[in-house]
Amino acid sequence: MKLIHSADWQLGCRFKNFGEKAELLRQARLKTLRRALEESRARQADAFIIAGDLFDDNEVEENIVTAAVAAFADFPEVSVYILPGNHDPFTGPASVWNRKAFLDAPANIRVFREAGFVEVNGGFLLASPLHQKQSTLDPSLKFVEMAKQLPKGSSLVGVTHGSLAIPGQYQPNDFPINLQAATRADLDYLGVGHWHNWQVYDNGRLVMPGTPEQDSFEQTGAGSIAHVVLDGHGAPPRVEQVGVGSVRWRTFGFNLLDPEGARAQLQAAVADLSTEPDSAVIRVRMQGSATQEVLVPAREWLGELLKPFQFSRLQDETSVALTRAELEHLKAGHPILAQVLADLDQVAAFSVGMRNENPAPEPLSPSQVDKVLNNAPIDRSELTAAHFELARQLLLQKFQERT
Amino acid sequence: MILETIELKHVGPFRNEVSLGPLKNGINVLAAPNERGKSTLLRAAARALFDRYTCKDDEIQSLQPAGSDLAPAIVVIFHSGGTRYRAEKRFLKNPESQFSEWRNGAWQLVAESDDADRRLQTLLQSNVPGRGATKAAHWGLLGYLWARQGDASEWPIWEGETGQFIQTRLAKVELDPLVNSLRDILWQEYAALFTEAGGRPRKNGELERLETELDQVSGELAEVQRKRRGAEDLQKRYSELGPELKRLEMEFQDREAGAKRLRGEANEVEAARSDLQLREGEFAAADEKLQAVNADVEKLRIHRKDLKEAKRALIQAVAAEKAAVAEKAAADERIAEAQTVFDSATARLASLNAARQRIADLQNLKQHETELAAAKQQAKKAQVQGAVQKALKAELGETPNVTPQKLSILHQVEQQIRESETKLEALGLAIELTPENDGAIKVHRDGAEERITLKARAKRAIHAVQAAELHLPGWGKLQVRSGATELRELQEKLDNDRADLRESLVEIGVVSLADAEQALSHRKDLQMDLRSAQEKLHGLLGDFGSLEKLEEHAAQLAVRVGALRQSLSPTGPERAKPSTDLDVQAEQLKGRVKGQQVIQADASTDLKNKRRIAGEKSEARGNAEREKINLSAKISSMEQQIESLLARYPQGIEKATKDAQGAFVRAEARRNEARSRLPAEYEKLPERSRRATQAAEEIRAAAERCGNEQHRLEGALEQAGAEGLHSKECRLAERKESLRTQVDALRARSWAARLVRDLIELRQQAATRSVLEPLEARLSAAFAEITSGADRRVFLDDELQIVGVGESREAAVGFPYLSQGAKEQLLLCLRLAVAAELSAQGRNLVILDDVLVNTDDLRQDRVLDVLRGAAEHSQILIATCHPERYRGVGELVEIRVG
C-alpha cells in the first residue's frame, strides 16, 4: 500500500506584508498542488491523502474551490482522500465541502465529511474529520473502536487533524492528538495535519508532513509531502519526505561593518535564486551604523540587487553614525544642532521613558516640550522609542548630506 | 545706505524735471503743503531702487502724470559702504535701467537692464516678487526704516531672507546657514504632507490619498468581518438546530406513542363506563322497587296500629260528650241567678246619679246669676269713667299747643330782645334836661310819642335809641339824631327779633309770652287728669281690656242663666235653698253613689264568672262532639287505606317483599362487577389522552419549525459560504496592512521632521532672545525720553515685534492697546534704534513720510531731541506738511524744478 500524505495546503490563505502581491503567492500554491498530484501519479500511490486544511477557510472564494477541484480532476488516476481540518471543518451547508464543485466532484475525489473508513488496495483508510474549529477532544480516539471493526491483519491507515500533545507546545482546545495515537489504535500509519513543519512520532508511525508551501520566514521544516509505503500490518511504515514547495523564503543579512564583504556574500546567495526570481521571497536585514557616504550607496546597491525579486523586502535597521570627532565638530560648529540632539533625548525620556544619557545644559521647559509634541502630527500616546530614533537619524542624515 | 539726490521726470504732478537734494547726512526736512508731490517723489525713488525696470504693474503706471502716457524716469544717487552710486530707470515706454558707480570723479556705467537691476538688488539686499511690483517686504533694510505715509502704526513682519538676516544682525547672532538650511529642508519635508497652519494632511497629498484609501479599505474590511460574524452566528445557530431537531423528533415519537396508548385506554374505559351505566340503572330500578314494597309494608303496619288506637279513642270521646252536656245545663242555671242580682244594683245606682246631677245644676245656676250681677255693675262704672276721659281729651285738644321746648325758644328770643334794647339804650341818645320851670314836654322816640313831665331845676335824662324829637313848649321842636352805624344795625336786629317773637306767638296761638306760660301749665294739668282717668278705666275693665268685651261677657252670662232656668225649672223651695244647703246635699249624694257603685261591680263580676264557666262547658261539649266525629272519619279512612294497600299485592305482600329483595341483591352484584372492571382514576383518562395528543402535536409543530429554520439556515449558509468572504477579507487585510505601513512611515517621518525643525527654531529663538537686551535698552531709552517715563521699558518678542510697554514684561500694556500717538512714537523709536544698532556697517537712511500726526506739542519737542541724537549716526529724511513742527531742526530741503 502506497500513499502520498499531505496537509495544510491552506489554499486562499492570507500573506501579511505583501499587499497586492499576496495574490501571486496564493496562485503559487495551486501550482504546487498540481506538482504534488503529479508526484503521486508518478509514484503510483494508492491514495493521495490531504489530512486537513486544504483550504484556509470555509469561506474561500469560489474560484479557489473550482481551481482545486479542477486540479484533482486533471489527475483521474489519483485517488484523492480529503479530510476537513480545523480551518475548513465540515460544519454543514456553509462548509466548503458542500459547494457544488465538491458535491458534483469527479469519482477520484472522496471527502470524509463524517468519520468512517474506506478500503484501499486491501488495506483500510480510517478518517476522523473535524466538524468545528476548536475542541479539547483527541480526534484520533475514534480510530480505536473503528479499527476493531476491521478485519485482523489488514493494513490500517488513520487520517486526522490536530496538534500534537507535546507538553508545553499545544493548546488544550486545539484537538490534542496523543503522541502514541497510532500504536494505541493499532494503526500502521497515522497521517495528521495541522502544524506547518515536518514532524514524526510514535516510532515513525505518526507523521505530520507540514505545509507543502512555506508561508513565513520562520518555517524551516515546511515545503514537503510524505510518500508512505506500507508493507503489511505490523510492519513499520517506510516514509520519505518529498519536497514540493516552489517558493523559497530566505532571510539574508547585510552588515555595514564590512560592506564589501556583505555585498559579495549577498550577491552569491541571491545568485542561486535569480533563476526563478518570482519563486523567492527575500528579506534582507540591513544592520549597522555608517556615514551617509557609505549608507547611501549601500542602499542603492541593495535596491538594484533586489529589484528582480518581486517578493523582496529590505529591512533597514541601520543608523547614521558620527564619529566622536564628527560629533564634537557638530557641537562646536553648530551649537544649536547640538542642543537639538540633547533636546531629542530629553523629549524621548519625557515621552517614552527612554534613558537620557545626554542631558542638555539648558533643558527645555515642560511647556516647551508640550508645544513641540503637540505640533507634531502623531498623538503622543502612540509614540515609541523608534519615533525618536527616527528623528535623530533624520537630523544626522540631513546634516551629513549637507556637510 | 544714505540718499544724496532724487531726480524725476514725468512722474505724477512733475511733468518736467524736478530734483531733491543733495541731502545732508543728518536731518533733512522736506516741508511742503499737501498734494505737492512729497510722497510721490519718495515712492518713485523706491520704485527706481527696488522694482524691475520692465515692471508694468499698476503701481508703476500710477507714477505716470495723469492723462498722459509719458514714461516715468527716475534717477537716485546714493552712498553705500563708502561708495557713491547712481541708479537710473525709465519705466513703461522704452524702459531702461542703468547702474553707475562714481569713480575717479565721474560716473562709470556698471550694468544695464536686468543686470543693473540685479546689481542693485544685491547691493541693497532686496529682492523682487515673481511678478508685479515690489512691496516694502522686498526692500531689504529700507523696508523697515522707511515709515510710509499711512503706515505709521504698523511694523512690517520680519519675513523672508532679508527679514531674517536683519533680525539676526540686530540680535547679533552669528548666522548659521547650515542650521537654517536644515530647518527649511525639514519644514519642506513636513509641509509636503501636512498643512502649515492646521497640521492636517495636505489636500490631495500623498498622505491624504493613502489615509483616505486606508479608511475606505478599513470600512470594507469591517463590513466583510461583520458579514463573517453574521455567518458565524448563523452557523452557530445551525449547529444548535441539529441536536434540537433530533431531540424534538425523539420526543415526538415518545409523545405520540404515549398519546396512542392513552387513546386505547380511554376507549376501553368508555365501553366499561357504558356497561356500568346500564348496570347502575338496573340496580337503581331494583332498589326503587324494594324500597316501594318496604314502604308499603311499613305503611300497612302503621295503619293497622293507628286504626286500633282510633277505635279506642272513639269510645272515650262518646263518654266525654255525655258529661259535657250535663255540666253545661248546670252552668246556665247559675247565670240566670247572677243576672237578677246585677240588674237590681244597676237600677239603684241610676236613681242616685240623677239626684246628684240636679243638685249640681242648681249650684251652677246660682253661681251664674251672681256673676251676671257683678258684670253688669262693672260695665256701668266703666261707662262713667269713659265719659270723663273723653271730656279731658277734648279740653286738651282745645288748649294752645305750647311745649316746654317752644316756650324755651320764646324765652330766648325775648331775652335777646331785652339785651338788644339794653344795648340800644346804652348806645343811644341821652338828653338831659334841667328846666328852670316845671313843665311838660312831648317826646317822640323809637316810633312812639310820650309826654314827660319835668320839674324845675331837676335834671331829667331822656334816652332814645337813635333819634328823639322833643317838642319844647315855647321854644318849638327839637330833633336830636345819632349817626352811629352800629346803633342802626342793632336796631335792625331788634326789629327782626321782635317780629320773630310775634310770629312764634301767633303760630302757637297765644298773645303774649305770659299766655304761653299759662297755656303750658294748663296743658300739664289736663294731661295729668287724663292719665288718672285712663288708669281708673283700665282698673275697671280688668282682663277684658275694653268696655265692649266686658259687656259681651255680661250678655253671655245672661244667656247661660236663662238656659239653666229653663231646663231645671226649679221649684220654689229649690230656689230658696241657699247654696250651702245645696253643697251639703251634693256631698251626701256623692257618698251614696260610691257605695252603690261597689255593689253593682260585685254583681257584675259574679255574672261574668258564671258566664265564662258556662262558655267553657259549652266548648268542652263541642270538642267532645268533634272528637267523636273525627275519630269516626279517621277509622273509616284507615280502613280504606289498608284495603287499598293490600289490593296492590294480589299475591300477598310478604311474597312481594321477598321477590323485591332477591332482585335487589342480583342487581347490586352485577353493578359491582361492572364497576370493578374500570381502572383507577378512569375519569381522568379522556383528558389525559386529549392532553397527550395535543402535546404530541405541539412537539410535531416545534420540530417542523425547527426543520424549517434549519432548512432556511442551510440556504443562508450555503449563500454565505459561496460569497468567499474569507478571500475578500484576506485581500482587504493585506491591502490595509500595506497602507497602514505606508501611512505610519510617512507620518513618522513627517513627525520627526516637524519635531526636529521645531526644536531648531526653538533654539534659534532662544538664542535670539538672549541678545535682545541692547536693542530693547536703546528703544526703551528713546521712548522714555519722549514720554518722560524713565521707569517704563519697551519689550520685544522673539520675532523682534513690540510686545508692549511697562515696568515688567508681565505687566506691560500690549502694543495694540496703546494710543495712536504712543504707537507712532514707539515705531519711530524702533526705526531709529534699528538704524543705530546697524550703524556699525555705516549710516542708514531713515525716511519718515508724514508720521507723528498724533503727537502733541510737548512730545513733539522731545521727538526732535531724539531725532537730533539719532542724526549722529543716521540720515533722516522727514517729509511733512507741518514745517513749523521741525523748525530749527536739520536742513530744510525742497523740490526744485529743472
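# A tour of chains A and B

Helix 9 of chain A and helix 11 of chain A are roughly antiparallel to each other, because an angle over 145 degrees counts as such. This is a predicted model: local features need pLDDT of at least 70, side-chain atom pairs count only at pLDDT 80 or more, and totals for chains, interfaces and linings use all residues. Residues are numbered from 1 along each chain as its sequence is written, chains are lettered from A and ligands numbered from 1 in the order in which they are written, and side-chain values use heavy atoms, with hydrogens and water left out.

**Stop 1: helices 9 and 11.** Select residues 335-352 and 385-402 of chain A. Helices (H or I, at least four residues) and strands (E, at least two) are DSSP runs, numbered from the N terminus. The two helices pack at about 170°, with axes 9 Å apart. Axes are lines fitted to C-alpha atoms, for helices over the stretch in contact, and angles run from 0 to 180 degrees between N-to-C directions. Now show side chains. Helix 9 of chain A brings residues including L337(A), L341(A) and L344(A) into contact with helix 11 of chain A, whose partners include F388(A), L395(A) and F399(A). Contact means heavy atoms within 4.5 Å.

**Stop 2: helices 1 and 2.** Move to residues 22-42 and 62-73 of chain A. Here the angle is about 20° and the axes lie 10 Å apart. That makes helix 1 of chain A roughly parallel (under 35 degrees) to helix 2 of chain A. L30(A), L33(A), R34(A) and L37(A) come from helix 1 of chain A. They meet A67(A), A68(A), A70(A), A71(A) and F72(A) in helix 2 of chain A.

**Stop 3: between the chains.** Colour by chain. The contact takes 47 residues from chain B and 53 from chain A. Together the chains bury about 4,500 Å², 64% of it on carbon and sulfur atoms. Buried area is the accessible area (1.4 Å probe) that two parts lose on being put together, summed over both. Next, select E734(B), W751(B) and R763(B). In chain B, these three lose the most area to chain A, together 19% of what that side buries.

There are 9 salt bridges between the chains. Each is a side-chain nitrogen of Lys or Arg within 4 Å of a carboxyl oxygen of Asp or Glu. Find R228(B) and D57(A): their side chains meet in one (2.6 Å, N to O).

**Stop 4: two loops of chain B.** H10(B) sits in the loop between strand 1 (2-9) and strand 2 of chain B. H10(B) has a positive phi of about 60° although it is not a glycine. Then go to P22(B), in the loop between strand 2 (18-20) and strand 3 (27-31) of chain B. The peptide bond from G21(B) to P22(B) is cis, with omega near 5°.

Notes
Parallel < 35°, antiparallel > 145°, perpendicular 65-115°, else oblique.
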